[in-house]
Amino acid sequence: YAKFKNNVPSGHAEIEIETKLNNSLSNATDAKVICEVLDPDGKTVATTKASAKIAAGDAADVKQETSVAKPVLWSPESPKLYKLVTTIEAGGKVVDQKKTEFGIRTLAIDPDKGFFLNGQPYVVKGTCDHQDHAGVGWALPDALQYFRVAKLKEMGDNALRTTHNEPTEELLEACDRLGMLVMDECRTVGSDDDALAQLEFQIRRDRNHPSVFI
(Lines give C-alpha, C1' and ligand atoms only; values in the text may rest on other atoms or scores of the structure.)
Protein backbone atom coordinates (compact mmCIF):
# COMPACT_ATOMS: atom_id res chain seq x y z
CA TYR A 1 0.00 0.00 0.00
CA ALA A 2 1.01 3.63 -0.30
CA LYS A 3 1.08 6.21 2.45
CA PHE A 4 1.63 9.95 2.76
CA LYS A 5 2.88 11.81 5.82
CA ASN A 6 -0.58 13.29 6.25
CA ASN A 7 -4.08 12.91 4.81
CA VAL A 8 -3.52 15.60 2.17
CA PRO A 9 -1.45 14.08 -0.66
CA SER A 10 1.59 16.09 -1.62
CA GLY A 11 5.10 15.29 -2.76
CA HIS A 12 5.98 11.61 -3.03
CA ALA A 13 4.10 8.51 -1.91
CA GLU A 14 5.88 5.84 0.10
CA ILE A 15 5.17 2.34 -1.19
CA GLU A 16 5.45 -0.51 1.31
CA ILE A 17 5.80 -3.94 -0.32
CA GLU A 18 5.45 -7.29 1.44
CA THR A 19 6.17 -10.55 -0.39
CA LYS A 20 5.56 -13.99 1.12
CA LEU A 21 7.93 -16.64 -0.24
CA ASN A 22 7.45 -20.39 0.09
CA ASN A 23 10.33 -22.81 -0.50
CA SER A 24 8.93 -26.16 -1.64
CA LEU A 25 12.39 -27.59 -2.36
CA SER A 26 14.16 -30.20 -0.24
CA ASN A 27 17.09 -27.86 0.31
CA ALA A 28 17.62 -24.30 1.48
CA THR A 29 17.69 -21.66 -1.22
CA ASP A 30 18.73 -18.06 -1.69
CA ALA A 31 16.01 -16.01 -3.32
CA LYS A 32 16.13 -12.54 -4.80
CA VAL A 33 12.98 -10.41 -4.83
CA ILE A 34 12.92 -7.73 -7.53
CA CYS A 35 10.01 -5.27 -7.46
CA GLU A 36 9.18 -2.82 -10.22
CA VAL A 37 6.44 -0.18 -10.02
CA LEU A 38 4.78 0.84 -13.29
CA ASP A 39 2.70 4.02 -13.55
CA PRO A 40 -0.73 4.15 -15.29
CA ASP A 41 1.04 4.62 -18.65
CA GLY A 42 3.22 1.54 -18.12
CA LYS A 43 6.41 3.48 -17.38
CA THR A 44 8.76 2.23 -14.66
CA VAL A 45 8.80 4.78 -11.82
CA ALA A 46 10.43 2.80 -8.99
CA THR A 47 12.43 -0.39 -8.41
CA THR A 48 13.70 -2.19 -5.34
CA LYS A 49 15.56 -5.44 -4.63
CA ALA A 50 15.96 -7.69 -1.60
CA SER A 51 17.35 -11.12 -0.80
CA ALA A 52 16.25 -13.91 1.53
CA LYS A 53 17.64 -17.30 2.53
CA ILE A 54 14.81 -19.77 3.05
CA ALA A 55 15.16 -23.20 4.68
CA ALA A 56 13.72 -26.27 2.97
CA GLY A 57 9.94 -26.36 3.27
CA ASP A 58 9.91 -23.02 5.06
CA ALA A 59 8.49 -19.58 4.27
CA ALA A 60 9.73 -16.01 4.61
CA ASP A 61 8.20 -12.54 4.51
CA VAL A 62 10.29 -10.04 2.57
CA LYS A 63 9.51 -6.36 3.22
CA GLN A 64 10.70 -3.55 0.99
CA GLU A 65 10.06 0.17 0.66
CA THR A 66 10.27 2.52 -2.28
CA SER A 67 8.60 5.77 -3.32
CA VAL A 68 6.76 7.31 -6.25
CA ALA A 69 7.33 11.01 -6.96
CA LYS A 70 4.26 13.09 -7.85
CA PRO A 71 1.88 10.11 -7.95
CA VAL A 72 -1.25 10.04 -10.08
CA LEU A 73 -4.09 9.61 -7.57
CA TRP A 74 -6.95 7.11 -7.86
CA SER A 75 -10.56 8.26 -7.51
CA PRO A 76 -13.96 7.22 -8.95
CA GLU A 77 -13.67 10.16 -11.35
CA SER A 78 -10.12 9.21 -12.39
CA PRO A 79 -9.44 5.51 -11.65
CA LYS A 80 -5.74 5.49 -12.49
CA LEU A 81 -3.95 2.27 -11.56
CA TYR A 82 -0.32 1.45 -10.92
CA LYS A 83 1.12 -2.04 -11.31
CA LEU A 84 3.65 -3.82 -9.11
CA VAL A 85 5.67 -6.49 -10.92
CA THR A 86 7.32 -8.85 -8.42
CA THR A 87 9.96 -11.19 -9.86
CA ILE A 88 11.55 -14.01 -7.86
CA GLU A 89 14.97 -15.31 -8.84
CA ALA A 90 16.78 -18.36 -7.45
CA GLY A 91 19.93 -19.96 -8.76
CA GLY A 92 20.28 -17.18 -11.31
CA LYS A 93 16.91 -18.01 -12.90
CA VAL A 94 13.45 -16.46 -12.75
CA VAL A 95 11.27 -18.94 -10.85
CA ASP A 96 8.10 -16.88 -10.33
CA GLN A 97 6.50 -13.56 -11.19
CA LYS A 98 3.39 -11.80 -9.91
CA LYS A 99 1.67 -8.66 -11.22
CA THR A 100 -0.46 -6.69 -8.76
CA GLU A 101 -2.59 -3.68 -9.67
CA PHE A 102 -3.00 -0.99 -7.04
CA GLY A 103 -3.98 2.63 -6.71
CA ILE A 104 -2.55 5.52 -4.73
CA ARG A 105 -5.07 7.56 -2.72
CA THR A 106 -5.71 8.81 0.81
CA LEU A 107 -8.80 8.23 2.94
CA ALA A 108 -9.89 10.07 6.07
CA ILE A 109 -13.10 10.23 8.10
CA ASP A 110 -13.63 13.23 10.39
CA PRO A 111 -16.51 13.08 12.92
CA ASP A 112 -17.44 16.69 12.19
CA LYS A 113 -16.42 17.20 8.55
CA GLY A 114 -17.20 13.77 7.08
CA PHE A 115 -15.32 11.69 4.54
CA PHE A 116 -12.24 12.92 2.68
CA LEU A 117 -10.79 11.36 -0.47
CA ASN A 118 -7.33 12.55 -1.51
CA GLY A 119 -7.54 15.37 1.00
CA GLN A 120 -10.84 16.76 -0.34
CA PRO A 121 -14.40 16.45 1.09
CA TYR A 122 -16.19 13.72 -0.82
CA VAL A 123 -19.90 12.82 -0.83
CA VAL A 124 -20.49 9.07 -1.06
CA LYS A 125 -23.53 8.17 -3.20
CA GLY A 126 -24.16 4.46 -3.51
CA THR A 127 -26.39 1.41 -3.39
CA CYS A 128 -26.50 -2.00 -1.75
CA ASP A 129 -25.56 -4.47 -4.46
CA HIS A 130 -26.43 -8.17 -4.27
CA GLN A 131 -24.00 -10.31 -6.21
CA ASP A 132 -26.44 -11.99 -8.60
CA HIS A 133 -28.05 -11.21 -11.92
CA ALA A 134 -31.13 -12.23 -13.87
CA GLY A 135 -30.65 -15.42 -15.85
CA VAL A 136 -27.32 -16.44 -14.29
CA GLY A 137 -27.85 -16.20 -10.52
CA TRP A 138 -24.50 -16.05 -8.75
CA ALA A 139 -22.53 -17.42 -11.69
CA LEU A 140 -21.69 -14.00 -13.14
CA PRO A 141 -19.29 -13.84 -16.08
CA ASP A 142 -16.62 -11.17 -15.57
CA ALA A 143 -18.16 -9.00 -18.30
CA LEU A 144 -21.38 -8.75 -16.28
CA GLN A 145 -19.45 -7.38 -13.30
CA TYR A 146 -18.19 -4.53 -15.52
CA PHE A 147 -21.64 -4.04 -17.06
CA ARG A 148 -23.30 -3.68 -13.66
CA VAL A 149 -20.68 -1.29 -12.26
CA ALA A 150 -20.84 0.82 -15.43
CA LYS A 151 -24.65 1.03 -15.18
CA LEU A 152 -24.44 2.10 -11.53
CA LYS A 153 -22.01 4.86 -12.51
CA GLU A 154 -24.33 5.99 -15.31
CA MET A 155 -27.13 6.54 -12.76
CA GLY A 156 -24.87 8.65 -10.54
CA ASP A 157 -23.35 6.16 -8.08
CA ASN A 158 -19.77 6.44 -6.90
CA ALA A 159 -19.95 3.65 -4.30
CA LEU A 160 -21.50 0.26 -3.59
CA ARG A 161 -21.97 -1.95 -0.56
CA THR A 162 -21.42 -5.69 -1.11
CA THR A 163 -24.61 -6.80 0.58
CA HIS A 164 -24.23 -8.93 2.75
CA ASN A 165 -21.00 -10.81 2.18
CA GLU A 166 -17.48 -10.50 0.89
CA PRO A 167 -17.53 -10.06 -2.90
CA THR A 168 -15.84 -12.03 -5.61
CA GLU A 169 -12.46 -10.54 -6.47
CA GLU A 170 -13.54 -9.89 -10.07
CA LEU A 171 -16.12 -7.37 -8.83
CA LEU A 172 -13.42 -5.48 -6.94
CA GLU A 173 -11.24 -5.48 -10.05
CA ALA A 174 -14.12 -3.94 -12.02
CA CYS A 175 -14.56 -1.28 -9.34
CA ASP A 176 -10.81 -0.54 -9.35
CA ARG A 177 -10.71 -0.10 -13.12
CA LEU A 178 -14.02 1.70 -13.68
CA GLY A 179 -13.90 3.82 -10.51
CA MET A 180 -16.29 2.81 -7.73
CA LEU A 181 -15.76 2.98 -3.97
CA VAL A 182 -16.60 -0.27 -2.15
CA MET A 183 -17.86 -1.11 1.32
CA ASP A 184 -16.25 -4.56 1.41
CA GLU A 185 -18.67 -6.26 3.75
CA CYS A 186 -18.06 -9.41 5.79
CA ARG A 187 -21.18 -11.10 7.13
CA THR A 188 -19.31 -13.53 9.38
CA VAL A 189 -19.82 -11.67 12.64
CA GLY A 190 -18.49 -14.31 15.05
CA SER A 191 -15.30 -14.00 17.09
CA ASP A 192 -14.31 -17.68 17.01
CA ASP A 193 -11.10 -18.81 15.33
CA ASP A 194 -12.82 -19.74 12.06
CA ALA A 195 -14.64 -16.40 11.73
CA LEU A 196 -11.49 -14.41 12.51
CA ALA A 197 -9.50 -16.50 10.03
CA GLN A 198 -12.06 -15.72 7.32
CA LEU A 199 -11.88 -12.01 8.15
CA GLU A 200 -8.06 -12.04 8.03
CA PHE A 201 -8.17 -13.83 4.66
CA GLN A 202 -10.59 -11.22 3.29
CA ILE A 203 -8.45 -8.30 4.49
CA ARG A 204 -5.26 -9.81 3.04
CA ARG A 205 -6.95 -10.70 -0.24
CA ASP A 206 -8.54 -7.28 -0.77
CA ARG A 207 -5.98 -4.90 0.76
CA ASN A 208 -4.48 -3.83 -2.57
CA HIS A 209 -7.78 -2.77 -4.14
CA PRO A 210 -7.97 1.05 -4.17
CA SER A 211 -11.74 0.83 -4.53
CA VAL A 212 -12.10 -0.62 -1.01
CA PHE A 213 -12.57 2.27 1.43
CA ILE A 214 -14.52 0.57 4.24
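Colleague: Is Arg-161 buried, exposed or partly exposed?

Modeller: In this predicted model, Arg-161 is partly exposed, since its relative accessible area comes to 25%.

Colleague: And which residue does its side chain meet in a salt bridge?

Modeller: The side chain of Arg-161 meets that of Glu-185, with an N to O distance of 2.8 Å. Arg-161 belongs to strand 12 (residues 159-161), whereas Glu-185 sits in the loop between strand 13 (181-183) and helix 3 (193-206), so the pair ties together parts that are 24 residues apart in sequence. Glu-185 counts as buried, at 8% relative accessibility.

Colleague: How many salt bridges does the structure hold?

Modeller: There are 8 salt bridges in the structure, and one of them joins the side chains of Arg-148 and Asp-129 at 3.3 Å, N to O. Because Arg-148 lies in helix 1 (residues 142-154) and Asp-129 in the loop between strand 11 (126-128) and helix 1, this pair links parts that are 19 residues apart in sequence. Both Arg-148 and Asp-129 are buried.

Colleague: Switching to the largest nonpolar core, which residues touch the most other members?

Modeller: That core has 20 residues, and Leu-21, Val-37, Phe-102 and Ile-104 are the ones touching the most other members. At least two residues of this core come from each of several strands, including strand 2 (13-22) and strand 6 (82-90).

Colleague: What is Leu-21 in contact with, leaving aside its neighbours within four places in sequence?

Modeller: With those neighbours set aside, Leu-21 is in contact with a list of residues, among them Ala-31, Val-33, Ile-54, Val-62 and Ile-88. A second, separate core of 10 residues includes Leu-152, Leu-171, Ala-174 and Val-182.

Methods: Residues numbered from 1 in each chain as written. Predicted model: local features only at pLDDT ≥ 70, side-chain atom pairs only at ≥ 80, totals over all residues. Heavy atoms only, no water. Core = buried A, V, L, I, M, F, W, Y, C linked by side-chain atoms within 4.5 Å. Buried < 20%, exposed > 50% of the residue type's maximum accessible area, 1.4 Å probe, protein only. Helix = DSSP H or I, 4+ residues; strand = E, 2+ residues; numbered from the N terminus. Contact = heavy atoms within 4.5 Å. Salt bridge = Lys/Arg side-chain N within 4 Å of Asp/Glu carboxyl O.
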